[in-house]
Amino acid sequence: MKYGDLAESILQGVGGRENIKSVMHCATRLRFKLKDHGKADSEGLKNNPGVIMVVESGGQYQVVIGNHVSDVYQAVVSQSGLGEQTEEVPDNSKESLLTRFIDIVSGIFMPYIGVMAASGIMKGLLAVALATGVLSDSSGGYKALTAASDALFYFLPIALGYSAGKKFGGSPFICMTIGAALVHPVMLQAFQAEQSGNQALDFFGIPLLLINYSSSVIPIIFASWLSCLIERNIHSRLPGAIRNFTTPLICLAVVVPMTFLLIGPVATWLSQLLADGYLFVYSLNSAIAGALAGAFWQVCVLFGLHWGLVPIMINNLSMLGQDTLLPLLMPAIFGQAGATLGVLLKTRDAKMKGIAASAFSASLFGITEPAVYGVTLPKRRPFIFGCVGGAIGAAILGFFHTTAFSFGFPGLFTFAQVIPKTGYDASVTAAFVGGIIAFAFAAIATRLFAPMNEPEIVTPTVAAPLATTNPDLLSKITISSPMKGESLPLEQVNDATFASGLLGKGIAIRPSQGRVVSPVNGTVSSLFRTKHAIGLEDESGAEVLIHVGIDTVKLDGLHFTAHVQQDDRVKVGDLLLEFDIPAITAAGYDLTTPVIISNSDDYIDVLAASQQSQVAENTSLLTLIK
């Protein structure tokens, strides 16, 4: 219920349930596949206080939520009836090859990013434990935790078979079984025997090129694509009585031998070519490679292109046992974290301070979307300073060839992942120095040289002389009181979101009468299903949110009556809502009602129109200075 209203507004913003083909989520974003992007209301979603940003990239309509995206996702799934799934509906629209590639890669790898990061962090911490002598590599504790950290990567073909099968529109369990065949002990033993000089195997006279497919990436993706292609073409043609076991039988009988004979060797060759190609570019000038990676990583994140680099990092770890690309991204993360801290220290806007504080802590652990979309990119120059800091720091890591030995989110834990089993060396020092320089440069440059573009706070004593000396510069808009009761500052509301001003400036009222009337001449822009809150748009453009009570959404509409509908025209004094004060109070809810100007940033200030604590309906409540 906590995220019910936000989920409902998001569903409306993307064009309704009927416009959604599928929805999934990553660390910070809801990722929709829509039938018609033109039906989505991007501007409306961007103005929603629960949405950080809207991005259209890789064929996906991405709604950036923040760290609590999984909770919002559950609410969206519950309200839409889509079910917790990530299957993609076949899309016949013409998309660029790059868009399709990014969409495929993100769909296959996204479900495992969290556990991949956890596994990488665990491997890094184990490396620290070895280096400091806390554990020895012969101890049972070390072996058990090593198994936990290695399991996903060792059996990666099985995991990727599942997500690839879903992505390609086939049975994920057939593709999982193909992946399991690649790492089956019989085949691994045959590979080891061949490496020892024993007789090679053949498949009915055709020589088998045996390869160790543990931790491999590309072979299972190609094999899953072929399996799904065969499945789609034969399933409907088979008799209904036998198709449920005949289809998997044919797919396994055809695809598994084909993978060992052709797909696997060719895909492995491509994997090695990709790894060698990366090493070639990196060896030309590792410092310049680092600077480019550090400067443009966040730009890639903006457009969703970073998913194209994930297979390179995992492939490097699979083919080479180590990766030099992942460490280069850590300074880019720290650069944006530093820029966010600079904004936090410099801004005077309470809403921006709240966003920056939350985004800063998340960015240190590699989740930079809230920082980028909510803080640095809107201010522009902080984002640039973050990219420059990332370039400087990554150039240092590149020069000293800092290397990661496990996969994970670039961030604080990267420092543990770059420690080799042989112990601390200069490359690890470079990681600390590069990360600190990226962070410090962005923070200091933002604090000193990034304008916040925020007007000085206007008080009533200052506003009058300004209006007198510059009468054409300022205008005032009056918002009437929507209810009778006792007014109090917004800061005294027993809800951190309202009290901090994150949703906008305004005032609160403790109602003495159970009714809400229109404080403006305008339109009902939103009416929540639970009738506890209503949004209005004044003819002048002011957006007013009236939220009756704290947490009253949990009543699910009980004790509330609406007298208007969304998009209705209203004038000052028209009855909007009625509510039962004794019943709601008896249920244990605080009826303090915030009256918020949602688009407060469009105004120089939002001031209380009167110093009187008691207010009546239709009397002046707020003054907006524009």
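Helices (H or I, at least four residues) and strands (E, at least two) are DSSP runs, numbered from the N terminus. The model is predicted: local features require pLDDT of at least 70 and side-chain atom pairs pLDDT 80 or more, while totals for chains, interfaces and linings use all residues. Residues are numbered from 1 along each chain as its sequence is written, and side-chain values use heavy atoms, with hydrogens and water left out.

Close-up 1. C26 lies in the loop between β1 (20–25) and β2 (29–34). The unreviewed UniProt entry lists C26 under "active site"; UniProt positions follow the numbering used here, feature names are shortened, and annotations may be inferred rather than shown by experiment. With a relative accessible area of 13%, C26 is buried (under 20% relative accessible area; exposed is over 50% and partly exposed in between, with a 1.4 Å probe and protein chains only). When neighbours within four places in sequence are set aside, C26 is in contact with R31, V69 and M110, contact being heavy atoms within 4.5 Å.

Close-up 2. A disulfide is a covalent bond between the sulfur atoms of two cysteines. It is assigned here to a pair of cysteine sulfur atoms within 2.5 Å, and a search of the whole structure finds 0 disulfides. For C175, the nearest cysteine sulfur is that of C228, 3.9 Å away. C175 is buried at 1% relative accessibility, and C228 is buried at 0%.

**Close-up 3. The open sheet β7-β20-β18.** In this sheet, 3 strands follow the order β7-β20-β18 with antiparallel pairing; two strands pair if DSSP finds at least two bridges between them. β7 (476–480) and β18 (605–608) are the edge strands, each with a single partner, so one side of each has no neighbour in the sheet. β7 is joined to β20 (residues 620–625) by 5 bridges, and I479 has L622 of β20 as its bridge partner.

**Close-up 4. Two nonpolar cores.** A nonpolar core is a set of buried Ala, Val, Leu, Ile, Met, Phe, Trp, Tyr and Cys residues joined through side-chain atoms within 4.5 Å. The largest has 67 residues, of which F109, M116, L160, I314 and F407 touch the most other members. Helix α14 (residues 325–346) gives the most to this core, contributing 8 residues. Another core, of 34 residues, lies apart from it and includes V516, F579, V595 and V615.
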